[in-house]
Amino acid sequence: LFSPSGLTHESHKKDVEQVYLRCSEGSIEWMYPTGALIVNLRPNTSPASYKHLTVCIKPFKDSAGANIYLEKTGELKLLVRDGDRSPSKVYCFGYDQGGLFVEATPQQDISRKITGFQYELMSKGMASDLHTFSASCRPCSDTEVLLAVCTSDFVIRGSIQRVTNEAEEQESIIHVGVNKLYRQKSKIFQLTGGSGNWRGRIKTLLECGVKPGDGDFLFTGRMHFGEARLGCAPRFKDFQRMYKEAKDKGLNPCEIGPD
């Protein structure tokens, strides 16, 4: 978390401050914005790999006081307008398209304003997965499912307990009861209460129309801004079939117990 304050620059409202961030994910919270920030993302990877990176930012829900631009060689392209209230909207661009230029807007009382956003750097392939498989709401092919098992941030066998819809954010939250945890990158799925049951929440797009249903599913997906996002999710019996068929042919991309 990088958290500068504009009050330290009150006498220099035209100041432009350079910020260098080396983490692949994090957040910026600019309190009382004045002047501008140039945000330079410098991940600890080879510069040759930069062209394969995608940057995504997600403004805080109450972010206000500045416009966020994409800047390259002095040219500015508006990404997020001050006061834009688009809940959960994520803005992505290629790393080589430029850096972030955050410019404070004129305010009568800057002490009431905080500009902030989360950011993530990821490979272009991973970004494509997040914004195509999930966004298209289509069933995954056998090959896609087997690959998702190997590469996803979480893989669980579970059932849909209930689904809540957030119309304003155009998202659905799937409340999952976990029967078997194969892998999780973050502690999204945890033991709850004294029942000894594992539970967690997975988000997907409202347009996918997810409904509660009987039986077990294999849930896979990615972590995105601290939230579990749904990827491929076949019925578990269908996963067992495709896993066995691939294993019999020696075509499994990785080993995982299907039971």
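The legends below describe close-up views of a predicted model.

**View 1. The buried face of helix H2 and its packing partners.** Within helix H2, which spans residues 142-151, the residues Val145, Leu146, Ala148 and Val149 are buried. Seen down the axis of H2, these buried residues fall within an arc of 155 degrees, so they line one face of the helix. They pack against strands E10 (154-166), E11 (171-184) and E14 (217-224), and also against helix H3 (236-248).

**View 2. The disulfide between Cys56 and Cys92.** The two sulfur atoms lie 2.0 Å from each other, and the torsion about the S-S bond is about 105 degrees, so the disulfide is right-handed. The pair links distant parts of the chain, with Cys56 in strand E4 (residues 53-59) and Cys92 in strand E7 (residues 91-94), 36 residues apart. Cys56 is buried, at 0% relative accessibility, whereas Cys92 is partly exposed, with a relative accessible area of 35%.

**View 3. The disulfide between Cys140 and Cys232.** Here the sulfur atoms are 2.1 Å apart, and a torsion of about -90 degrees about the S-S bond makes the disulfide left-handed. Cys140 sits in the loop between helix H1 (124-136) and H2, while Cys232 sits in the loop between strand E15 (227-230) and H3, 92 residues apart. Both Cys140 and Cys232 are buried.

**View 4. The disulfide between Cys150 and Cys254.** This link is left-handed, with -100 degrees about the S-S bond, and it joins Cys150 in helix H2 to Cys254 in the segment after H3, 104 residues apart. Cys150 is partly exposed, with a relative accessible area of 24%, and Cys254 is likewise partly exposed, at 24%.

Key
Residues are numbered from 1 along each chain as its sequence is written. This is a predicted model: local features need pLDDT of at least 70, side-chain atom pairs count only at pLDDT 80 or more; totals for chains, interfaces and linings use all residues. Side-chain values use heavy atoms; hydrogens and water are left out. Buried means under 20% relative accessible area, exposed over 50%, partly exposed in between (1.4 Å probe, protein chains only). Helices (H or I, at least four residues) and strands (E, at least two) are DSSP runs, numbered from the N terminus. The arc is that of the directions from the helix axis to the C-beta atoms. Contact means heavy atoms within 4.5 Å. A disulfide is a pair of cysteine sulfur atoms within 2.5 Å.
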